[in-house]
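Hi everyone, thanks for making time this morning.

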Amino acid sequence: MSHVSSSPGLYGLMAEFDSADDLLVAAERVRRAGFTKTDAYSPFPVHGLAEAIGFREHIIPKLVLGAAIAGMLGGFGLEYWTQVIAYPMNIGGRPFNAWVNFIPPAFETTILFGAFTAALSMIALNGLPQPYHPVWNNPRFSRASQDKFFLAIEASDPKFDLDQTRAFLGGLNAREVVALDE
Amino acid sequence: MAVSQFPEGDFRAPVPVINPGHSYRSITEKLTGMVLTPHTPLAWFVVMFVGLSLLMGLTMSLTYLLAKGIGIWGNNIPVGWAFDIINFVWWIGIGHAGTLISAILLLFKQDWRTSINRFAEAMTLFAVACAAIFPIFHTGRPWLAAYWLFPYPNTMTLWPNFRSPLIWDVFAVSTYAAVSAIFWFVGLIPDLATFRDRAESPVLKRVYGILALGWRGSARHWFRYETAYLLLAGLSAPLVLSVHTVVSFDFAVAVLPGWHATIFPPYFVAGAIYAGFAMVLTLAIPLRAMYKLHDYITMRHLENMAKVTLITGLVVVYGYLCEAFYGWYSGNEYERFMLKNRIYYGPYAWTYWMLMLCNFIVPQLLWSKRLRRNLAVVFTVVMFVNVGMWLERFVIIVTSLHRDFLPSSWQMYYPTVWDFMTLFGTIGLFLTLMFVFVRVLPMISIFEMRTLLPEATPKHHPEGEAH
């Protein structure tokens, strides 16, 4: 795969590292060099790596909070509507709007909506399910889920230049640098 | 491992959560190799034989139940609730340890949870599946029960009664099952990617590949993953406490002596954790031997779990004392009668003393470090606990019901062969699901085990960075 592709069909360059430390240092240097379209790959979450590639995002907690509140209101609303409006039943003279009794189901719908939003927003924001991605054109990339660390710079990055970027990545203690087809 | 502040051999020095000498590669190879191999341990077939045999009993007893109705069970009036609810509460309780380990211990940053959380979560799912069978089939005709269990716009324009604890239970248990399933699946995604990348057969590669959803392990993936996982843990922690609380409301909200007590929610939650840890140990000890997981499930894990079992057991015993005290202190003649009937002159008093033996006396052995480190002893103790927790529910449910307020309606309850077939059948279902899981999916979280290695914590700290 380490052939030199012409720019149109080129996804970018990928460097392989042996340790989380090397990857973290390299990711820092790449970001400081001004590259923005980069991504780092590791077989487990490496503390500080997202910051090192300049990635920040705070949307998931907000989505979860919103969904949890919606779940609570929805659950309570369902109870109120069914017990007071749609099908009021006198059971032992208890009030129709027995809000204390409505707490347990409303609590459960709060958790249910929040938890599903946490999981599904993580999956959706990550662009999953995704059947194809150019990183797999590197046959060694299957090690990214096992014991090796990778760093990719996309060809669409404004600072990308095939030869210069390759040399730059090669100087970052990388084991190997390969070009990836799109 | 991280250098301890205590010298080696000092009793305060922590036992490692993973034995030394491992690398990313050795962990990955061992934990995927257990599944991606044509070789299956002989013991696996033995357990599956037992599990499938019992499972056949379950299908038989449920088929007969659907043909004849719930009259085939020993339930009567006044004992209208018996094995169906005893077994339900027993299984739900067992499930609790899985969520406790995966969510609450994660929030408390207990790194020893890592080797046991995956199969404890699977245990939760399968225990909830077993539990669900009982109330569903107790309705007799489950397909006709949907409209009073779930709020959906039906042609009769009827809605469930949300003032009843039974409908709270439907919400609590179905939410618990759904959230546990998604928590478990999210935890599996990175390991499924490892399986996809290591599987040799194209069919397996494809199957694991579809399940892994195209996970690449990019820094963006992991960032969102960790955020979502932490939130899931934060949401599951109150959920797990609420589930057994709501289950206890099924009893505590009723006016029956022996059920109507405010101690029930915390006492049930403690009992659930107690039963759950006992079941995790029941599974962990044989699985560790069967798959030679001594490096991953170390003595530290087993000892910690034994300690949790002991402590929660003592909380449960405190619950028994409170119940007895409330009964006496209430001054209510029905409460006092129930107590005396339960403890010494009732026909089921022997079950109470069996319960004390199983849940109070035998677990005290775990105070001794020497006995805690002897796996044969620990296994025996937790088997007593498994039985004891079942007896606890029998005592609460049957002894409270069989002596009604009206002596003319007093009756004994005797389970029938179908009751026992269903109970053992669900044990078969549980064993079958558990061992199928162990055979096809990673029973220890591989990516989390990698993070326990010292080299997984980078020494490099970005300095002078303006973030």
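Let's begin with strand S2 and strand S3 (residues 149–154) of chain A, which run antiparallel and are joined by four bridges. If you want one pair to look for, take A:Thr38, whose bridge partner in S3(A) is A:Ile153. Keep in mind as we go that this is a predicted model.

Now zoom out to the sheet around that pair. In chain A, four strands form an open sheet in the order S2-S3-S1-S4, with antiparallel pairing. Which are the edge strands? They are S2 and S4, the latter covering 176–181 of chain A, and each of them pairs on one side only. On average, neighbouring strands in this sheet are turned by 20° against each other, if you ignore direction. Packed on the sheet is H1(A), which touches S1 (10–17), S2 and S3 of chain A. The direction of H1(A) makes about 20° with that of S3(A).

Next, how the two chains meet. Chain A brings 65 residues to the contact, and chain B brings 57 residues. Several elements of chain A each supply at least two residues to the side that touches chain B, among them helix H1 (20–32), strand S2 (38–41) and helix H3 (59–86). Which element gives the most to that side of chain A? That is H4(A), with 17 residues. By type, the residues on this side of chain A divide into 41 nonpolar, 15 polar and nine charged.

Over to chain B, and two helix pairs there. Helix H3 (residues 83–107) and helix H4 (residues 114–138) of chain B pack at an angle of about 160°, their axes 7 Å apart. H3(B) and H4(B) are therefore roughly antiparallel to each other, and their crossing is left-handed. The residues of this contact between H3(B) and H4(B) are 16 nonpolar, eight polar and two charged.

The second pair is helix H6 (residues 165–198) and helix H7 (residues 202–212) of chain B, packing at about 155° with axes 8 Å apart. Because of that angle, H6(B) is roughly antiparallel to H7(B). H6(B) passes H7(B) in a left-handed crossing.

Notes. Residues numbered from 1 in each chain as written. Chains lettered and ligands numbered in written order. Predicted model: local features only at pLDDT ≥ 70, side-chain atom pairs only at ≥ 80, totals over all residues. Axes fitted to C-alpha atoms, helices over the stretch in contact; angles between N-to-C directions. Parallel < 35°, antiparallel > 145°, perpendicular 65-115°, else oblique. Left-handed = near helix turned anticlockwise from the far one by under 90°. Contact = placed C-beta atoms within 7 Å. Nonpolar A, V, L, I, M, F, W, Y, C, P; charged D, E, K, R; others polar. Pairing = 2+ DSSP bridges.
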